[in-house]
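Hi everyone, thanks for having me. I'll take a few minutes to walk you through a structure, so let's get it up on the screen.

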Amino acid sequence: MLRNGAQALGALLRTQGAALTESLVQQTQGPVVEALAAAGATRGVSTLAVKQRMKSVANIQKITKAMKMVAASKMRSAQVNTENSRGIVAPLVRLLGDLPAAEGTKNVFVPITSDKGLCGGINTTVCKYTRAAVKAVQDGAAAGEGAAAQENMLVVMGEKGRSQLQRDMRNSIFATIADTTKVRVTFPEASAIAEELLKTEYDTTRILYNRFVSAISQKPTIATVLSPDALERSAEAGAAIDAYELEGPDRAELLMDLAEFQLATTLYNAMLENNCSEQSSRMSAMENSTKNAGEMLGKLTLTYNRTRQASITTELIEIISGATALAG
Amino acid sequence: MSSSAAASAYWRVAGMTYLKYANLCADMVRAALKEPLKGKAKVRETIYFRQSLWKDGVPQKQVITDITEGTAGKLS
């Protein structure tokens, strides 16, 4: 009876002890498990954000790389066209001379810019030069005598130039032209635009564009085209045209035709040069951004791996310390 | 010289600029080409651009000039 009682007590104690130890284990493990879960959650959040970032950077890198390839192949064909078109303006420049300092009462500025962005600083350069040229002409006229009669007009080509110049020179914009390179630049197209320019009845037209020098270099350039009257005046002042003999009643008509043709050819060349510069500038800009995206991706990968490693180490430490706490 | 002077007077009297005259002549020459060359030359006739005149700092109506299938004598 007594033995039975003792056995029963022992069994009771044992079960109670087991329960006690179980509850102890639960108590000690509870915070650890919670901490582990918390650590896992934070790891998930931080690495997830980095992972998403890495994915987006990698995608952008792919896009910039593709854009670079496209720009490079477009540049190659544009370069051929540009170099071919130089032959058409060179004789006219030799004949009539480049007269950037020519004065007139009606000055037209034609900044040639691109329609699309992501092509480096070429559009900003053209706009900067336009502002400077307008200011220089204004100052020149103010120093001279015909300050009151002077009129400066802008015919902006390209969307990017329009959005930049309409901010501060809105009132002097005469017209805007865009999408000239959408299909392709042709001489009839340049002629059609030149005829629109003729409607301004300019004295001097200054075409501002980026001259294509090489794939990594574009030079902002101002090409000046004079009206027939201004040409006549420049001939009197001893320009290059005076070396040729132009006689008879056709002289005025001939000069008029020449001036028109010069405007169209200069515009044609300038459009091609600027298009080529745009492509080459876009190519180098995209090359740089691809490089930068690669660098960024490297940094992000490093951060990602470091946080992953750190959280794994923390977990291991926690597990081991938990286990040693149990064992001890 | 005298013949060209007479011709120039002729088209100028009709109200054409030199550029219109020159491009019309070029179109005629292109139209006279035979086939393998004609197709190649035809793409050099395309004109496409958008323009809008501005008045008092506000753009007016936008005009699209689109002669992508070539002028072939349509340029008045």
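Predicted model: local features only at pLDDT ≥ 70, side-chain atom pairs only at ≥ 80, totals over all residues.

To find Val185(A) yourself, go to chain A and look in the loop between β3 (173–178) and α4 (187–198). So is Val185(A) buried or exposed? Its relative accessible area is 9%, and since anything under 20% counts as buried, Val185(A) is buried. One more thing about this spot: Asn275(A) is 90 residues away from Val185(A) in sequence, yet the two C-alpha atoms are 8.9 Å apart in space.

Most residues other than glycine have a negative phi. Asp179(A), though, has a positive phi, near 60 degrees, and it's buried, with a relative accessible area of 12%. Now hop over to the loop between α4 and β4 of chain A, where you'll find Glu201(A). Glu201(A) isn't a glycine either, and its phi is positive, at about 50 degrees. But Glu201(A) counts as exposed, because its relative accessibility is 60%.

Now for the sheet. What is the order of its seven strands? Reading across, we get β5(A)-β4(A)-β1(A)-β2(A)-β3(A)-β1(B)-β2(B), in an open sheet with mixed pairing. At the edges stand β5 (217–226) of chain A and β2 (58–67) of chain B; each has a single partner strand, so one side of each has no neighbour in the sheet. On average, neighbouring strands here are turned by 20 degrees against each other, if you ignore direction.

Let's zoom in on one pair. Strand β4 of chain A, residues 204–214, is joined to β5(A) by ten bridges, and the two run antiparallel. Within that pairing, Tyr209(A) stands opposite Thr221(A) in β5(A). And what lies across this part of chain A? Helix α2, residues 122–143, lies across β1 (106–111), β2 (151–157), β4 and β5, and runs at about 145 degrees to β4(A).

Last stop, chain B. This chain has three helices and two strands, in the pattern α-α-α-β-β along the sequence. Of its 76 residues, 30% are buried. The accessible surface of chain B is about 4800 Å², and 63% of that belongs to carbon and sulfur atoms.

Terms used. Residues numbered from 1 in each chain as written. Chains lettered and ligands numbered in written order. Heavy atoms only, no water. Helix = DSSP H or I, 4+ residues; strand = E, 2+ residues; numbered from the N terminus. Buried < 20%, exposed > 50% of the residue type's maximum accessible area, 1.4 Å probe, protein only. Pairing = 2+ DSSP bridges. Axes fitted to C-alpha atoms, helices over the stretch in contact; angles between N-to-C directions. Contact = heavy atoms within 4.5 Å. Areas by Shrake-Rupley, 256 points an atom, 1.4 Å probe, with all protein chains shown as cover.
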